[in-house]
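This report describes selected local features of a predicted model. Please consult the sequence and structure shown here while reading.

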Amino acid sequence: SINNMATDVKGAVRMLFDRFPSLSGRRYIAFNMRVRSQIQQGPTCGLVALSMATSVIWQASTTSSRDADDVNDVTSLLHKAQELQISRQGEVFSVDYMARLAIEFYRWHPDIREDMLMNPEEVMTCLLQNWPLLVPYDKDKNNEPCLSNGHSAHWALITGFMIPLQQGIDQLSREFTHSLDESLPVQCIQSSDEQAQCLSVLSKWVSHYPSDLSQIHLFARHGRSRHLALWPLDQLVNSNRNLCELDPNKKPEDFVIPLGGLSEGLRSKIVVIKPAGC
């Protein structure tokens, strides 16, 4: 429901503002897709992220929400990945492997993109069309993006964004947003009609944005937490671009490593998940 979605978003926004009080002095617009969280067992973060992405696509493309058994879903995904010889234990060290799995198992239309996170307009255009983003990054101890050369590579599902309101788009935005909470300076895009309205003015809107990616935040889910995360875009970009090698303490023979390693398989790349027909 919209209320559950708003609760998750409110929690993520409050946590961000508590940590960085200066951010709460501005006004924002937020959009986020509703996704039920899933917790991974073993190194299956990519499979869990793909399974969560699928629940977004199902909700957007059918009248009834998909009532799948998440555990069975991920177990079946693992078997499929092993059958395709693109994973041993559930690891997915290549965007090509991830895309292949999305096609073979779900019949989705994945789109592999390089350096797309550098372009906020493209990111928001995908999200507003209910196309979630699968993003590999280095996970810190608190699950946030960090820089460890790929040694703690992890997959996140990007489900939404929060951007500061710029002068000139304030009035424009009032037409297709609702107040998230009286105590928070955040306006929310909640319905498909509002998403369509927002898309129609996005390019006009984006021309007002700061080029500073740290001012744009993305909502994320991943297999290590039930909480909706909210990360600065620049932090995720830098983490995604530093995925260079497998942790030297891990044995390469325990995993399926693509030709060229993580640098070729994951670095600076993401997967956009689209339904069939897009």
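## Asn32 in strand β1

Asn32 is buried, with a relative accessible area of 5%. The residue belongs to strand β1, which covers residues 28-32. Because the limit for a buried residue is under 20% relative accessible area, the value of 5% places Asn32 in that class.

Two polar partners are found for the Asn32 side chain. The side chain of Thr159 is joined to that of Asn32 by a polar contact of 2.6 Å, and the backbone nitrogen of Gly160 is reached by the Asn32 side chain at 3.4 Å.

With a relative accessible area of 2%, Ser94 is buried. A polar atom of the Ser94 side chain lies 3.0 Å from the backbone nitrogen of Asp96.

Which residues is Ser94 in contact with, leaving aside its neighbours within four places in sequence? They are Trp155, Pro258, Gly265 and Leu266.

## Helix α5 and its ends

Helix α5 comprises residues 120-128, and its buried residues are Pro120, Val123, Met124, Cys126, Leu127 and Leu128. An α-helix has 3.6 residues a turn, so residues three or four places apart point the same way. Val123 and Leu127 are among the buried residues of α5.

At the N-terminal end, α5 is capped by Asn119, with a side-chain oxygen 3.1 Å from the backbone nitrogen of Glu121. Just after α5, Asn130 adopts a positive phi of about 65°.

## Positive phi angles in two loops

Asp115 is not a glycine, yet has a positive phi of about 60°. Its position is in the loop between β2 (109-114) and α5. Is Asp115 buried, partly exposed or exposed? Asp115 is partly exposed, with a relative accessible area of 35%.

Asn143, likewise not a glycine, has a positive phi of about 75°. Asn143 is placed in the loop between β3 (133-139) and β4 (145-146). Its relative accessibility is 15%, and Asn143 therefore counts as buried, because the class includes values under 20%. Thus Asn143 is buried, whereas Asp115 is partly exposed.

Methods: Residues numbered from 1 in each chain as written. Predicted model: local features only at pLDDT ≥ 70, side-chain atom pairs only at ≥ 80, totals over all residues. Heavy atoms only, no water. Buried < 20%, exposed > 50% of the residue type's maximum accessible area, 1.4 Å probe, protein only. Helix = DSSP H or I, 4+ residues; strand = E, 2+ residues; numbered from the N terminus. Polar contact = N/O pair within 3.5 Å; in protein donor to acceptor, adjacent residues only side chain to side chain. Contact = heavy atoms within 4.5 Å.
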